[in-house]
Amino acid sequence: MQRRQRVAKLVVGVFLAGTVVAAAETHQEFRFRVHRRASVSVANQFGPIWVKPSSGKEVIVTAVLHSDKVEVDHTHSFNRVSIVSHLLSGADAESGRVEYQVLVPADANVTLISATGPLRAERLHGDVILEGNTANVDVRDLSGGHVHIKTLNGPVTLTNVTDGHVEITSVGGDVALNAVNGPLIHVNSTSGRIVYDGDFGGGGEYSLMTHTGDIEATAPSYASIDVMASSTQGKVENDFLLQPTHASFAAKAGTAFAGTMGKAASSVRLLSFSGKIHLKKR
Amino acid sequence: MTCEEFRRVLPELEGDQHTVEQDEHLKDCSSCSGLISDLRAISAEARLLAGDQEPSPRVWNAIAIALRQEGLIRDPQAPALLSGSRLRDWRFGWLRPVTIALVAGAALLLVVERVPRRTQVAQQVATSSAPILKTAVGITQDSAINADELQLLNLVASRAPALRAGYESDLRAVNAYIRDAETSVRENPNDAIAQQYLMNAYEQRAMVYEMAINRALP
């Protein structure tokens, strides 16, 4: 009997605690009618932003504010929607936190900025710009639009991104590209590890460069590439049998290689100043 | 008056001259009054630095020549760069020295990046830009933080103390990158890969500067 009472008290306590936390949070929803190729930007100092496609020509923003020390400013002019988390006096990373879920027309151009993130965009066709300090960036199922990502130390993962310009600049965040192809794929990192797993398709220019990070690129045996890899102070490894090609540098065994496979439709440059490079066969 | 309305008129404010409405808002809003006080402090500092950080006319000439050759600008006046639409949103006058450095760096990167694809004349411009690049963006000899960067870090810390350490670590990393890339270019001046490393390293530093400035703004 006593045990039942203790359990009942515990349940009530947990419920009350949950109610208090929920009471401190504020849910807000904003809706904006937009036209084709709308521009939508969300700037949030602390907290996640998740963008997904909506079914109609409407931008729907759901915001969960963690305290009254932050408010959501919004502007809507013609085809542009801007959402900004406005930190009030005394706000910190916890009290200034806002969680956004944003539904946009799939063809919208989207800009997301958050210091802490995470940032996530999926199933869109417009241009996507994502920027964060330590924000974990996750982009998936995008096609046709340009993808520009900047992070300081936040890891970046792209999955199934096709037919757009992809430009990623990160100081220390690891970058993972899975099934990513297009006319231009450019990764610039200082110390992050770069991992590519795909077919280097689309007749594009692939440039993966890092200062001290390692690069691992995995491709199928049918990949059609003109590849060049070089590590000034590190080692390179290659699992493919490449056709020799004229290279602008002296291909030193163990530190650089160059050659072609198939019709050499895509250009692939793998460059690390002091990291290891490995071109792997899937 | 709301914060948004106040910030809209902020660029037009001169010294301590405010309307009654603006004064009332500043009394009630610690965020905007803090912003005003920060801007004044930064503006005072920026005035002292402006002379040191302004790139020489040689820098502007090189940029203008190269951009005209690229067909990117037609106006022969290099300063037109600063009145372009890209800078229309840069509302804070005190950011000018920083803007100048960033624009000069970015434009020079553009110049150098296009060298392999362009004419010999453009190559000469790019070659002559190499020492200018150093002047414009202030290359460090090692990964240490220079005085300007220290100032930037302090600015970040004044707004977001928790972010300072991260920015400092990132600046040290990109400065080390620049140091290695510079050494590589010095040793192999005709090596396209070495040049690419240097451009990427500068792009990294420009990004860190840009993000730090953005975070330092309220």
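Let me start with the interface, where 24 residues of chain B are in contact with 25 residues of chain A, two residues being in contact if their C-beta atoms, placed from the backbone, lie within 7 Å. On the side of chain B that touches chain A, the elements that give two or more residues are helix H1 (3-9), helix H3 (30-53), H8 and helix H9 (192-216) of chain B, and H9(B) supplies the largest share, eleven residues. By residue type, that side of chain B divides into twelve nonpolar, seven polar and five charged residues; here Ala, Val, Leu, Ile, Met, Phe, Trp, Tyr, Cys and Pro count as nonpolar, Asp, Glu, Lys and Arg as charged, and the others, Gly among them, as polar.

This is a predicted model, in which local features need pLDDT of at least 70 and side-chain atom pairs count only at pLDDT 80 or more, while totals for chains, interfaces and linings use all residues. Residues are numbered from 1 along each chain as its sequence is written, and chains are lettered from A and ligands numbered from 1 in the order in which they are written. For the complex, the predictor gives an ipTM of 0.81 and a pTM of 0.68.

How far does the confidence in chain B reach? Its mean pLDDT is 65, with 49% of its residues at 70 or more, where pLDDT is the predictor's confidence in each residue, from 0 to 100. Within chain B, confidence is highest in helix H8 (residues 164-187), at a mean of 90, and lowest in helix H6 (residues 120-137), at 34. Over residues 75-100 of chain B pLDDT stays under 50, and the model has 30 contacts beyond four places in sequence for them; residues 107-141 of chain B also stay under 50, with 59 such contacts. Where pLDDT is low, the predicted coordinates should not be read in detail.

Turning to the fold of chain B, we have nine helices and zero strands, helices (H or I, at least four residues) and strands (E, at least two) being DSSP runs numbered from the N terminus. Buried residues make up 30% of the 218 residues in chain B, a residue being buried if 20 or more other C-beta atoms, placed from the backbone, lie within 10 Å of its own, exposed if 12 or fewer, and partly exposed in between. Of the contacts in chain B with a separation of 6 or more, 66% are between residues 24 or more positions apart.

One residue to look at is Leu10(B), placed in the loop between H1 and helix H2 (20-28) of chain B. Leu10(B) counts as partly exposed because it has 15 C-beta neighbours inside 10 Å. The C-alpha atoms of Leu10(B) and Ile36(B), 26 residues apart along the chain, are separated by 8.7 Å.

Chain A, by contrast, has one helix and 24 strands, and 45% of its 282 residues count as buried. Twelve of its strands form an open sheet of mixed pairing, in the order E1-E4-E7-E3-E9-E11-E13-E15-E17-E19-E24-E21, where two strands pair if DSSP finds at least two bridges between them. The edge strands, each pairing on one side only, are strand E1 (26-33) and strand E21 (236-238) of chain A. Within this chain, strand E13 (residues 156-162) and strand E15 (residues 175-181) pair in the parallel sense over six bridges, and Thr159(A) stands opposite Asn178(A) in E15(A).
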